[in-house]
Amino acid sequence: MKANLKNELDKVIHDLTDLSDTIFNHPELGDQEFESMKRLTDYLTVHQFDVEKGIVGRDTAFKATYSSGKPGPQIAYLAEYDALPGIGHGCGHNLIGTMSVGAGVVLSKLIDEIGGTVHVFGTPAEETNGAKVPMSEQGVFEGVDAAMILHPSDVSQESGDSLAMDAIQFEYHGKTAHAAAAPEEGINALDSVLQLFNGINALRQHVKSGVRIHGVIPEGGEAANVVPDKAVAQFYVRAADRSYLNEVVEKVKNIAEGAASMTGATLEISNYELSYDDMTTNKVLSDLFTANLKETSRLPVHGSKESYGSIDMGNVSQVVPAIHPYIGLNKEGLIGHTKEFADQTITEDGHLALYEGALSLAKTGYDLLTNEEALKAMEEEFNKNKAQALV
């Protein structure tokens, strides 16, 4: 019966290709993906999925469900469809969304006979304020047995790790004065930001090698002859796991407080974007998917690489067995977040990646629905990792 998945995909691949290309040609930024969401959910509705829009308070988030009405595992495919400013779909989210929708539709054609439930979750704003974070926090994935997403890249890779990340804003307030005539009357907020950067640079020697701390100064004063009474710094702080990240963030905040004390400024600390947890790949699930991708794809599948980025799929992986592998666009060295990457998604290689990716995702879902031993092993690994994280 598993071979029937290919037959079902062949029936809808033209629709999926058109859907991906249309989303490419109408890029929308995070939390503004109204047309992209409509196109994806309309297509799921045509294929008898029950669709709920606007979940977790995000207008462009959705949950689409097809139930066989019989007991069985619940399989979730996660769709992204936000674009980048000035670039469009330079991260290939037009493919991600349609691969997940395609996998869900294809698998739904078989589950009336084998049992279980298929979900497709629409997850807006991965590039900025990822909706997978509140979804994970608010129990959206409760009852789901496995969650999968497949990301385009230059080459295909197994699912690996990602860094936990906090996005922290430091806002200093001082006192204006004439910078030449009465500098002693001023409190220089920008000096606090400069001391913050100096302190963080000194900290780098005393943290683990995988830590990444990088920031900008979006506000630093308006005129050179006025002591700045407000200055703002924004930082991403990343580490291999949430526990160690919390330690590093505490050190950074202490430095920020010290910088305020040095100048006499006051300080406000806040998070300007949602925090991402580290990605914990479920090895059992990953091995199932990798085997299916190797069987399906014309391209080789490489082992996972060490990652220094952060993804909101990390939060999902903390509450349900999950994977975030990559499928190649047959252009080694292609760099994400570029116009060249975006353009590659609508070539023949991009369309082949869509086909092979959707089929591999659907096959992996089928494996979990029909292989109780694999399902049990996946759940045992997830529970073991959770227990170790609590130690």
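This is a predicted model: local features need pLDDT of at least 70, side-chain atom pairs count only at pLDDT 80 or more; totals for chains, interfaces and linings use all residues.
**Helix α5**

Helix α5 comprises 15 residues, 189-203, and its first and last C-alpha atoms lie 21 Å apart, close to the 21 Å expected at 1.5 Å a residue. Six positions of this helix are named as buried: A189, S192, V193, L196, I200 and L203. Viewed down the axis of α5, these buried residues fall within an arc of 100 degrees, so they line one face of the helix. The elements against which the buried residues of α5 pack are the strands β8 (164-173), β9 (212-219) and β10 (230-239), together with helix α6 (242-263). At the start of α5, the backbone nitrogen of L190 has a side-chain oxygen of N188 within 2.9 Å.

**The six-stranded sheet**

An open sheet is formed by six strands in the order β1-β2-β4-β3-β5-β13, and its pairing is mixed. Its edges are β1 (50-53) and β13 (322-323), each of which pairs on one side only. Strands of a sheet pair through backbone hydrogen bonds, either parallel or antiparallel. For β5 (residues 146-148) and β13, the sense is parallel, with two bridges between them. M148 has I323, in β13, as its bridge partner.

**Aromatic pairs**

Six aromatic pairs are found in a search of the whole structure. A pair of aromatic rings is described by the distance of the centres and the angle of the planes. Two of the pairs are set out below.

| Pair | Centre to centre | Angle between planes | Class |
|---|---|---|---|
| F49 and Y66 | 5.7 Å | 50 degrees | tilted |
| F197 and F235 | 4.8 Å | 45 degrees | tilted |

F235 is buried, with a relative accessible area of 1%.

E28 is located in the loop between α1 (4-25) and α2. Is the residue E28 buried or exposed? With a relative accessible area of 13%, E28 is buried, because buried means under 20%.

Leaving aside residues up to four places away in sequence, E28 touches E33, F34, E35, S36, Y81, D82 and A83. E28 and A83 are 55 residues apart along the chain, yet their C-alpha atoms are separated by 5.4 Å. Two of the residues touched by E28 also provide partners for polar atoms of its side chain. One of these atoms lies 3.3 Å from the backbone nitrogen of F34. The side chain of S36 makes a polar contact of 2.7 Å with the side chain of E28.

Terms used
Residues are numbered from 1 along each chain as its sequence is written. Side-chain values use heavy atoms; hydrogens and water are left out. Helices (H or I, at least four residues) and strands (E, at least two) are DSSP runs, numbered from the N terminus. The expected span of a helix is 1.5 Å times one less than its number of residues. Buried means under 20% relative accessible area, exposed over 50%, partly exposed in between (1.4 Å probe, protein chains only). The arc is that of the directions from the helix axis to the C-beta atoms. Contact means heavy atoms within 4.5 Å. A polar contact is a pair of N or O atoms within 3.5 Å; within protein, one must be able to donate a hydrogen and the other to accept it, and residues adjacent in sequence count only if both atoms are side-chain atoms. Two strands pair if DSSP finds at least two bridges between them. Rings of Phe, Tyr and Trp (its six-membered ring) pair if their centres lie within 6.5 Å; planes under 30 degrees apart count as stacked, over 60 as edge-to-face and the rest as tilted.
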